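Dear colleague,

Please find the structure below, handed over for your records. My notes on what was found in it follow directly after.

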Amino acid sequence: MGKQFSPTTRKKIFIQNNKCEMCGRLLQIDDFLADNYLQIDHLVAKTKGGKSNFSNLRGLCRPCNASKGNRTSLDFLYTIENSIKRINPTIINNIKAYEAKNGIFDKEIYDAKLKQIITLFLKTAKELSDD
């Protein structure tokens, strides 16, 4: 388990931005067991030389923090993008099989939604790398 941050540091990060900086979910600081409980993340992981100073800290929800691990946000987003591209054929085949059975598959809508998701990840990654 990582360093426990003081209530003052936790509150400062929460006040700075009460949303997960990866997914945008509203965070809270009262229920430790909730998925949207503020977890403090290092922009540059301590294992990669990052410090625990305020400028290197930000708030994430539990699922995003657990998924990101010690990768930079940019590396994490590229991993997600590559995963989406890799599993895309499997997803589309499963959707085709299900929706063909029900007569509702629309590849154009699926492709547009997938493009929208990847564009959002890349936009977020660029914003993070510009900071």
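The largest nonpolar core has 14 residues, among which Cys-20, Met-22 and Leu-27 touch the most other members. Such a core is a set of buried Ala, Val, Leu, Ile, Met, Phe, Trp, Tyr and Cys residues joined through side-chain atoms within 4.5 Å; buried denotes under 20% relative accessible area, exposed over 50%, and partly exposed in between (1.4 Å probe, protein chains only). Helix H1 (7-16), strand E2 (57-60) and helix H3 (73-102) are the elements that give two or more residues to this core. Helices (H or I, at least four residues) and strands (E, at least two) are DSSP runs, numbered from the N terminus.

Beyond its neighbours within four places in sequence, Met-22 is in contact (heavy atoms within 4.5 Å) with Arg-58, Leu-60, Cys-64, Ser-73, Phe-76 and Leu-77.

The model is predicted: local features need pLDDT of at least 70 and side-chain atom pairs pLDDT 80 or more, while totals for chains, interfaces and linings use all residues. Residues are numbered from 1 along each chain as its sequence is written, and side-chain values use heavy atoms, with hydrogens and water left out.

Overall, the protein contains four helices and two strands, in the order α-β-β-α-α-α from the N terminus. Of its 131 residues, 29% are buried.

Ile-117 lies in helix H4 (residues 107-130) and is partly exposed, at 33% relative accessible area. Its C-alpha is 8.8 Å from that of Glu-81, 36 residues away in sequence.

Kind regards
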